[in-house]
Amino acid sequence: MPKDQKHVCLSIEDVDTGAQLVVGFTSPLDPDEASRIRKKIDRHIMPLMIQFMDKTTLGYASILGIQHATNLTTNELGTVFYLSYLLFEFPQNLALQKFPVGICISINIFVWAVALACHAACKSFTGLLVVRMLLGACEGSITAGFLIVSSMFYTRTEQTLRVGYWFLMNGAAQIIAGFISFGVLHINTKGFEPWQWLMIVTGVMTMILAISFWFLFPDSPTNAWFLTHDERAKAVQRIKENQTGVENKHFKMEQMIEALTDPKTWLFALFSALNNVSNSLTNQQSLIIASFGFSVLQTTLLSCVPGVLEILTIFTGVQLAARWPNSRAYVGAMYFVPSWIGILLLNLLPWSNQAGLLVSQFLGACDVHAETSTPGFVLSLSWLNNVTAGHTKRVVTNAIMLSAYCVGNAASPLMWKDQYKPRNHVPWAVIGATYVACPVLLLVIRAVLVRENRIRDAEPVQASEEYVIERITEDGKRVEANIDKEFLDLTDRQNRDFRYVL
């Protein structure tokens, strides 16, 4: 060991769970082998990330008769859902750190499925209030869990694409729910309405997914059932470049404090809240389309179109961000332009121009999805994951980001009042204002990160340190083993070698 090199001995609790797995892994990973492992991970993880149909069901149920049957408004239930989501977001994120991720998500999806099916038995606001609160509480684990899993298995560039890919399921959910709604309209069952069949069918589908998650979804690359021991070590080594490690099951108070005092945490949170004011259109969209004069059958089919647009916008957005270096803010900002045009047309076109209003509605809703608003929001989620290191800090920042998402979603349904119908000028003006603020915020976040990178580039090179942990060999001997700095569970502030991606 060089004389100027410090020798630091660490406990197992301090370091990342992947540290022991890659001890002694000194040779560079063969690119072909890394690609083979990535494809194997894709085959076993990505097909399971497909559930996002819960909130869209309420929008479709509203035109299938749930409002008349239960004497309520979708505005009330939309707000209740997100207040419950907000209440349980931090507990869900803490559970995801403490317990196996796959088990946490599968349990939540199971309860989610039961609550979804129970909608069919509800005949009053009270009953629907309970099941919507259960859905909100369970959903707090889904996006957060998927973000954690994405950061465990994929490099930073790969995360941008994978987060986009599993968000595409929002669009698929809208399309599938639209066709299911069209189908149940043709079911004539005495005493059981089409909206009730919609809830039963989607509940059964979600239950099948919950069972699949329990048996098939991995907790992390360190124990993934579909990887051999050698492949697990290589899977962990593959994400070394992230400098974020895999995970650490011990909650670190100093990392939580850092997350709460980091300006970029709150910039991302503000973006999340403002961006998701428009997400109230998830439930309002079918009602707005119906108000243009389309029949119930036509509305169920036309409501599939935003799902197609969502798939196209998110897919092209993440592809551009992955291929165009340091472009996340620029790409995210660019995708607000169609929505600006759509909102202007919705407010300026005559009410008699049904076709024009319909196209404008789709343009204005280009940034509105079942789970998120805008390709910019999808990019912001993976971006926040990429620029946050330290497992506890990442858990806390994800919780803050998604809590802000809930605030925007909980408040936004309240602006759709009867006094603004049919043109809804006030709600559209509010959404338009957020669409102006959000791209500005993305550019501000980028400027903050560029400045921080420059500060770090100008700092003098620190004395190197050798990090070791104590291991017990197969014959019972205690030996010290070197570990890489990337697996020390350091935060992005603590690790001065960390550079923020743009």
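In which hand does α5 cross α7, left or right? Keep that in mind while we look at this predicted model.

Start with the geometry. Helix α5 covers residues 101–118, and helix α7 covers residues 142–153. They pack at an angle of about 155°, with their axes 10 Å apart. Over 145 degrees counts as roughly antiparallel, so α5 and α7 are roughly antiparallel to each other. And the hand? α5 passes α7 in a left-handed crossing.

Who makes the contact? From α5 we have Val101, Ile105, Ile109 and Trp112. From α7 come Ile142, Gly145, Phe146, Ile148, Val149 and Met152. By class, that is nine nonpolar, one polar and no charged.

Helix α1, residues 31–45, packs on helix α10, residues 229–238. Here the angle is about 100°, and the axes are 10 Å apart. That makes α1 roughly perpendicular to α10. On the α1 side, the contact uses Glu33, Ala34, Arg36, Ile37, Arg38, Lys40 and Ile41. On the α10 side, look for Glu231, Lys234, Ala235 and Arg238. This contact has seven charged residues, four nonpolar and no polar.

Last, the core. The largest nonpolar core holds 93 residues. Ile45, Ile105, Phe153, Phe217 and Trp383 touch the most other members. Helix α21, residues 425–458, gives the most to this core, with nine residues. There is also a second, separate core of six residues, including Ala259, Ala273, Val396 and Ile400.

Back to Ile105. Leaving out residues up to four places away in sequence, Ile105 touches Leu96, Ser141, Ile142, Gly145, Phe146, Phe213 and Phe217.

How values were computed
Residues are numbered from 1 along each chain as its sequence is written. This is a predicted model: local features need pLDDT of at least 70, side-chain atom pairs count only at pLDDT 80 or more; totals for chains, interfaces and linings use all residues. Side-chain values use heavy atoms; hydrogens and water are left out. Axes are lines fitted to C-alpha atoms, for helices over the stretch in contact, and angles run from 0 to 180 degrees between N-to-C directions. Helices (H or I, at least four residues) and strands (E, at least two) are DSSP runs, numbered from the N terminus. Angles under 35 degrees count as roughly parallel, over 145 as roughly antiparallel, 65 to 115 as roughly perpendicular and the rest as oblique. A crossing is left-handed if the near helix is turned anticlockwise from the far one by less than a right angle, and right-handed if clockwise. Contact means heavy atoms within 4.5 Å. Ala, Val, Leu, Ile, Met, Phe, Trp, Tyr, Cys and Pro count as nonpolar, Asp, Glu, Lys and Arg as charged, and the others, Gly among them, as polar. A nonpolar core is a set of buried Ala, Val, Leu, Ile, Met, Phe, Trp, Tyr and Cys residues joined through side-chain atoms within 4.5 Å. Buried means under 20% relative accessible area, exposed over 50%, partly exposed in between (1.4 Å probe, protein chains only).
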